[in-house]
Each structure stands twice: as structure tokens, then as C-alpha cells.
Amino acid sequence: MATVLDPAGAAAADERRPFSRRTKPSPPGGRRRHLPPLLAISPFYVLFAVFGTFPVLYSLYLSFQDWDGIGDMRFVGLQQYGWLLQDSVFWHSVLNTFEIWFLSTVPMLFLALVLAFLLHSQVRFTGALRVAYFIPNVTSMVAMTVVFGSVFAQAGLANSVLRAIGVDGIGWLSSEWGIKSSVSLMIIWRWVGYNALIFLAGLQAIPTEHFEAARVDGANSRQTLFRVVLPQLRPVVLFAAVTSTINGLQIFTESQVLFQSTDVGTTGGPGQEGMTIVLYLWQKAFKEHQFGYGAAMGWLLFAIIAVFTIINWRLVSGSDRDDHRPGITGLLRRKGARDGR
């Protein structure tokens, strides 16, 4: 006997079926389809773990040990940090590092901003100039330090130019501020072009209507710079300030190679006026084989960099109240009101 199915009843029966029977089938391969891309990028993470993460964590462990690199380790706890805080040479290197950082970073960022404005204007051979400004950043710093050592020698090019204009020669490599100024000039020469290109990228990202709004509002060049350009460049300036702080507090090559004739570059020149934190770390760890002491110094340097990075972040980024001051927002609103928007 044939059975006649009621379409309405069949639909009702289908609705009473468990939900799991009506789920869509999983795509072919399931989670295995993610395996090939993960395997493709795994070499980076393996290398980073071996040559990046492990050394950092091991240096933290080593900072609590007294070890010469060959014999057995001796656990000393926080004594390494206590000895470090009482080390007068370390604090002298900290002072030198901050003085060199200030003498180099502030002028370098200002010159980089000026160069960025010049490149942003309609000048010829802009592409060639960008390449020329970036070349110092990719040039071997060891080779260029040797060149600068000849320039700043007592009978070098720098003093020859000064004598030609009637100024007595300067002890670039023998006096306190001569040493710090020579190291600072090398840092400026290396990084000013790099930061100029960073600022140039930020300038080119500013919409042209912002400048038009300032022009319609009657703003002059100075007002446009401080009320339109610099507020828009705040994230770029923050990036440049933070990276310059991190690089400036890790100065090593310039001081080490510039004074390599004095005890293989471990003293930082006469009076240790070129002794930086990283140079002193290298001296203790790899010259005197006090690896635990050097590791403790490295982690204290990390804390100093972190503190100054936060300070730079607060100073450059500003507070939330800065966003409510009259500036580009007000200019754009007034322009929109004039245009009937």
C-alpha cells in the first residue's frame, strides 16, 4: 500500500530534527589547512627564539650570577646591582651618555625637520637628495669613525678650517667637550638624513585641504607651521624622538673606534669623557670577563631607556587637553561654515 506524504507534515518533521543534522560540513582539511602557512613562517620564530628570546632571558639569569665565562657560576642575587649602583665609573658613563645624547638628539631632530621641509617643497632632484641623505645611515660606522678620527685630529681638517678663519684649534679628541662634541657630530651625521625621510613621509601624509583651510583663515607661515603642520606631525615626531632616545642611549661604536689607540678603545679617551654605558658594559663583560656584572648593567640600561621612552612619550604626545586647543580642527570647522557645509 503506497503512503502519501503530506508536504506540510514533512516540513514540520524536518523542523523537529536535531540542529546538529543541519549544520554545514566543515571545509576540507579542517585545521590542517593552516599548517603550510605556519610552517612557512616558522623559521623566523625559531631563529628569534634561539637568537633573541633565549639570550635576553639568559642575560637576566646571568645578572644574578658571578661568572667569568669559563668556571662555575656563583649565585650572588642582587649584589651585582648593588655593586653597580656604587660604581663611580658607571655613573660617570651614565652622565657622559646623557650629555652626548642631548648634544646629538636635539640638533639632529631640528635639522631633520628643516631638511624634510626643504624636500617637501618643490625642489629639483628630490629623489637624488633623498638617496644622498639616507646613505650615511647605511654606511659602515666603523669606517666612518676612522674617517672622522682623522678629521678631528689635532692637525686634521676641522682644526685646519678653524685656523683658516682665525680661530685657534680645538682639542676634539683630548678635551672634555671636544670629545663629546665630536661623538655627537658623528651621530648627527649618521641619523639626520634618516629622520628627515621619516618627517618627509609625515609631511606628505598631511591632506592639502588642511593647508588651504589655514590659508583661507589668514594664517601666515609661522602659524601654519605651529598650528597645522606640527600637530599633524605629532605621531611622527613621537616615533623619531623615541627611536632617537633608544639609539642615543646605546652609543658604542663611535667611542670605541674613535679612541681605539688607547687600550683598544676601552677607556673612552682622556679622562674617560667618551665612556658610554654600552662601552663600559663591553669593557666589563668582554675585557675583564665579568659577565654577570655586564648583564646587570645591561638590564639597568634597559630600565633607563624604558623610563626615558615614557618621558618622551608624555612630552611629545601631550595630554588630552592639547586636543581641545584651537588649531587645525577650528580652522577646518570655520572653512566648512564658510563653504555652507
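Two residues are taken to be in contact when heavy atoms of theirs lie within 4.5 Å. With that meaning in hand, and bearing in mind that the model is predicted, one can begin with the chain as a whole: among its contacts between residues at least 6 apart in sequence, 69% join residues at least 24 apart. The chain has 15 helices and two strands, and of its 341 residues, 35% are buried.

Two helix pairs can be followed in detail, and the pair made by α8 (residues 176–204) and α11 (residues 234–248) may be taken to start with: their axes lie 9 Å apart, and the helices pack at an angle of about 160°. Because angles over 145 degrees count as roughly antiparallel, α8 and α11 are described as roughly antiparallel to each other, and their crossing is right-handed. On the α8 side the contact is made by Trp-191, Tyr-194, Asn-195, Ile-198, Phe-199 and Gly-202, which meet Val-236, Val-237, Phe-239, Ala-240, Ser-244 and Asn-247 of α11.

From α9, the residues His-210, Phe-211 and Ala-214 meet Thr-224, Val-228, Val-229 and Gln-232 of α10. In the contact of α9 with α10, four residues are nonpolar and three are polar, while none is charged.

A pair of aromatic rings is described by the distance of the centres and the angle of the planes. When ring centres within 6.5 Å are taken as a pair, the count comes to 17 aromatic pairs. In one of them, the rings of Phe-90 and Trp-91 have centres 5.2 Å apart and planes at 65°, and because planes over 60 degrees apart count as edge-to-face, this pair is edge-to-face. As for accessibility, Phe-90 is buried, with a relative accessible area of 1%, whereas Trp-91, with a relative accessible area of 39%, is partly exposed. Phe-148 and Phe-152 form a stacked pair, with 5.8 Å from centre to centre and 25° between the planes. Both Phe-148 and Phe-152 are buried, and together with Trp-172 and Trp-189 they form one aromatic cluster.

Gln-272, in the loop between α12 (253–258) and α13 (277–287), has a phi near 55°, which is a positive value in a residue other than glycine. His-289 sits in the loop between α13 and α14 (291–317), and although His-289 is not a glycine, its phi is positive, at about 60°. With a relative accessibility of 42%, His-289 likewise counts as partly exposed.

Conventions: Residues numbered from 1 in each chain as written. Predicted model: local features only at pLDDT ≥ 70, side-chain atom pairs only at ≥ 80, totals over all residues. Heavy atoms only, no water. Helix = DSSP H or I, 4+ residues; strand = E, 2+ residues; numbered from the N terminus. Buried < 20%, exposed > 50% of the residue type's maximum accessible area, 1.4 Å probe, protein only. Nonpolar A, V, L, I, M, F, W, Y, C, P; charged D, E, K, R; others polar. Phe/Tyr/Trp six-rings, centres within 6.5 Å; stacked < 30°, edge-to-face > 60°. Axes fitted to C-alpha atoms, helices over the stretch in contact; angles between N-to-C directions. Parallel < 35°, antiparallel > 145°, perpendicular 65-115°, else oblique. Left-handed = near helix turned anticlockwise from the far one by under 90°.
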